[in-house]
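Open the model in your viewer and keep the selection panel at hand.

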Amino acid sequence: MPTIETVFSPALIQHHALENRSVVIIDVLRATSSICYALFEGARSLMPVSTPEDCLRYRTLGCLCAAERNGLKLDGFDMGNSPLEFSRDLVQGRDIAITTTNGTYALLESRSANRIFIGSFLNLDLLAHYLMMENQDITLVCAGWKNKVNLEDSLFAGALASKLNDFEIRCDSTLMAIELWENSKDRLYEVVDRSSHARRFKRLGVDDLPVCLDLNRCPVVPEYLGDRIVAV
Ligand code: MLT
């Protein structure tokens, strides 16, 4: 029976062996939501990079460049990290270099994994189906906020874990995430709207909760292969 475990912050990855396991990167607000949205809108691939400088180097290769820090789009980039910026007319057929505060960091910290997938509420059901078909050991990695645990990523981990029937739950963090989901799933927006990141968005004038909480809006399964994320 395959196993499932949950890591609530990239700072905890060091305590987990990712080799021979499939990792799901979770950054609901907003990197993994943006990645699912971009691929569903026809982007060819997304290259996660560590710094804005690394990101801009891809421009010479004809890539679009997306950069966000502290919730804001960086000047001089084609887009920040709002899913709605990755519109079909802009991204179709394009490769996109992307760097964000938490999501791309969590992915790059997970590269020892056998496989790396991208999870968000936008691809919840298809991703769950795909992972059950794959039947591999899974580690859910929450991006959080600057290595702190956050509500929305932990909530999604519970939503995904609750759909992965026949997986042996290996840790209390997965049980906690499932309990959080079971107690929140009928009032998802209300619960996430109380999160620290939602409050940060209000201060910044960002209104991305509706698109990031739109369940199954973007049925794709993004996987990190080599140096880029593509829809499998
Ligand atoms: C990210 O996506 O890495 C961050 O969580 C912040 C954001 O996009 O607002």
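Which atom of Leu29 lies 2.8 Å from an oxygen atom of the ligand? Select Leu29: a backbone N or O atom is the one at that distance. A polar contact here is a pair of N or O atoms within 3.5 Å; within protein, one must be able to donate a hydrogen and the other to accept it, and residues adjacent in sequence count only if both atoms are side-chain atoms.

A word on the source. This is a predicted model, where local features need pLDDT of at least 70, side-chain atom pairs count only at pLDDT 80 or more, and totals for chains, interfaces and linings use all residues. Residues are numbered from 1 along each chain as its sequence is written, and side-chain values use heavy atoms, with hydrogens and water left out.

**Stop 1**

Next, Gly103: a backbone N or O atom lies 3.0 Å from a ligand oxygen. The protein covers 100% of the 260 Å² of accessible area that the ligand has on its own (Shrake-Rupley method, 1.4 Å probe).

Now select the 14 residues around the ligand (a heavy atom within 4 Å). Asp27, Leu29, Asn81, Thr100 and Asn102 come nearest. By class, the shell has four nonpolar, seven polar and three charged residues. Ala, Val, Leu, Ile, Met, Phe, Trp, Tyr, Cys and Pro count as nonpolar, Asp, Glu, Lys and Arg as charged, and the others, Gly among them, as polar.

**Stop 1: the largest cavity**

Hide the ligand. The space it takes is the largest cavity. A cavity is a set of points on a 1 Å grid over the protein atoms alone where a 1.4 Å probe fits but cannot get out; lining residues have an atom within 4 Å of a point. Its volume is about 50 Å³. Select its lining, including Arg30, Glu68, Trp145 and His197. That lining divides into two nonpolar, six polar and three charged residues.

**Stop 2: the second largest cavity**

This one has a volume of about 30 Å³. Among its lining residues are Ile25, Pro48, Leu107 and Ile229. Helices α1 (31-40) and α4 (103-108) each give two or more residues to the lining. Here the classes are six nonpolar, three polar and no charged.

**Stop 3: two backbone details**

Go back to Leu29. Its peptide bond to Arg30 is cis, with omega near 10 degrees. Arg30 is in the loop between β2 (22-26) and α1. Finish at Asn70, where phi is near 55 degrees, a positive value in a residue other than glycine.

Notes:
1 Å grid on protein atoms, 1.4 Å probe; cavity = no way out; pocket = protein on both sides within 12 Å on 5 of 7 lines; lining within 4 Å. Sits in = over half its atoms within 2 Å of the grid points. Points joined across faces, edges and corners; volume = space filled by probe spheres on them. Helix = DSSP H or I, 4+ residues; strand = E, 2+ residues; numbered from the N terminus.
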